[in-house]
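Colleague: Got a minute to go through the salt bridges and the domain contact with me? I'd like to hear how you get to each answer.

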Amino acid sequence: MKKTFLMTVAAVALFAGAAGAAELKFKPGEDSKFNWASLEEFKKSHAMAGQSVTIFGPWRGEDQALFESVLAYFQDATGINVKYSSSENYEQQIVIDTQAGSPPDVAILPQPGLIADLATKGYLVPLGEENKDWLLQNYAAGQSWVDLSTYKGKDGKAAIYAFPYKIDVKSLVWYVPENFEDAGYEVPKTMEELKALTEKIVADGGTPWCIGLGSGGATGWPATDWVEDMMLRTQSADVYDKWVTNEIKFDDPAVIGAIEEFGWFAKNDKFVDGGAAGVASTDFRDSPKGLFTSPPKCYLHHQASFIPSFFPEGTVVGQDADFFYMPPYESKKELGNPVLGAGTLAMITKDTPAARAFIDFLKTPIAHELWMAQSSFLTPYKAVNMDAYANAPMRKQGDILLGATTFRFDGSDLMPGKIGAGAFWTGMVDYTGGKSAADVAAGIQKAWDGLK
């Protein structure tokens, strides 16, 4: 997984805790922004006192505390004893546990590739057609979530094996509202307008973009998000899907075109702070700082929802800095509003009534709203109360998810590690360094062909 810096690393030791030890953070029935009725309805049909469920997931530190605050309501409603655990190397741990025949009842993972591997080896339990129908009806861009949740089992047959819960949005462009207001700029609604704004800023004597690909041994990954966003805005979702599995080759004209769309922004010296030559050498964590200088060194920055962590201390998102949805092309209206992102998926690794009950719990609005009201949680669930979001920026990102006609998972995270976290990264560095998109794409495809 290429963005491991997003995960809180607190200790090597295994974390484990019973959710029941936590008090209910919000008193049931007292705040109208929560759908308490959904919790009461769930409670009526899931009285399971004395049963237990073990849940293994990626969340540690602050995120673990947030998740356990939600689990407390599940335990309170059902009487089920809940034990959540994680580890620093959770990806390896779940493989070890399933192979040893001692899996948790429920596993939650952010890597579809790992989930696919577990499914094909027979370590996961199909969730049933009813959950497929539920996702289609209740999640915005429902078919996208069905696609993300569908894997082939040991018998080779495709089925729903996972349930998406807690999503991240990557298709964002960051800016400083005061800078826009001073210059008289407006937030673009189409890619054509974004390109026109880029050229307008240059004409006004400014520099439009801050772009940085530096990330130590992972240098290059920010460019893969750019290319993935461009693939979704220039090609249909099925082309994107075939690209990440190499059914459509990396040196296909569709892919080369998406790389060149990124190059339109990144390879023009006038468009980027530090010039095109500085793109690969600028650390992604330092890159957005140019938004906040006076005068601004840049006006725009493309990055996922985590980037405010690297804004100057005291920056208030929604006031000092804001974002807008990376817009689609007016000329390609048929592609709708695609959103690139990531997220976690819950699956049953040991089939028990309590594990099934947990999946049912995730289908209640309250299971989403309780985390929404705190921090770092987005959902495409159409039935949630958007007022439950803790702040306006989170609600705005939630709106982006609800407005999506297509959602696709980060492509490089779906590719084999030597490509998505290897040749693709280095290829993007070579591209911003002067190589042609065609040559770079051919090199990545050669690396893919060399996999055994």
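Colleague: Which residue does Arg408 meet in a salt bridge at 3.5 Å, N to O?
Modeller: Keep in mind that this is a predicted model. A salt bridge here needs the nitrogen and the carboxyl oxygen within 4 Å, and a pair involving Arg408 comes in at 3.5 Å. The two ends sit in distant parts of the chain, strand β12 and helix α6, 261 residues apart. The partner in helix α6 is Asp147.

Colleague: What else is linked with Arg408 and Asp147 in a network of salt bridges?
Modeller: Arg408 also forms a salt bridge with an Asp, and the closest N and O atoms there are 2.7 Å apart. Together with the Asp147 pair, that gives a network of salt bridges.

Colleague: How many salt bridges cross the interface of domain 1 and domain 2?
Modeller: Domain 1 covers 37-169 + 342-409, and domain 2 covers 184-340 + 413-450. Asp241 pairs with Arg408, and by those bounds Asp241 falls in domain 2 and Arg408 in domain 1. The interface also has 8 residue pairs in polar contact. For salt bridges across it, the count is 2.

Colleague: Which element gives the most to the side of domain 1 that touches domain 2?
Modeller: That side has 15 residues in contact with 19 of domain 2, and it divides into 8 nonpolar, 4 polar and 3 charged. β7, α14 and β12 each supply at least two residues. With 5 residues, the top contributor is α14.

Colleague: How much area is buried between domain 1 and domain 2?
Modeller: The domain centres are 30 Å apart, taken over C-alpha atoms. Carbon and sulfur atoms give 60% of the buried area. The total is about 1,500 Å².

Colleague: Which residue does Glu261 meet in a salt bridge?
Modeller: Glu261 lies in helix α11 and its partner in helix α8, so the pair ties together parts that are 66 residues apart in sequence. Both residues are buried, and the N to O distance is 2.9 Å. The partner is Lys195.

Note on methods. Residues are numbered from 1 along each chain as its sequence is written. This is a predicted model: local features need pLDDT of at least 70, side-chain atom pairs count only at pLDDT 80 or more; totals for chains, interfaces and linings use all residues. Side-chain values use heavy atoms; hydrogens and water are left out. Domain bounds come from an automatic or database domain assignment. Contact means heavy atoms within 4.5 Å. Buried area is the accessible area (1.4 Å probe) that two parts lose on being put together, summed over both. A salt bridge is a side-chain nitrogen of Lys or Arg within 4 Å of a carboxyl oxygen of Asp or Glu. A polar contact is a pair of N or O atoms within 3.5 Å; within protein, one must be able to donate a hydrogen and the other to accept it, and residues adjacent in sequence count only if both atoms are side-chain atoms. Helices (H or I, at least four residues) and strands (E, at least two) are DSSP runs, numbered from the N terminus. Ala, Val, Leu, Ile, Met, Phe, Trp, Tyr, Cys and Pro count as nonpolar, Asp, Glu, Lys and Arg as charged, and the others, Gly among them, as polar. Buried means under 20% relative accessible area, exposed over 50%, partly exposed in between (1.4 Å probe, protein chains only).
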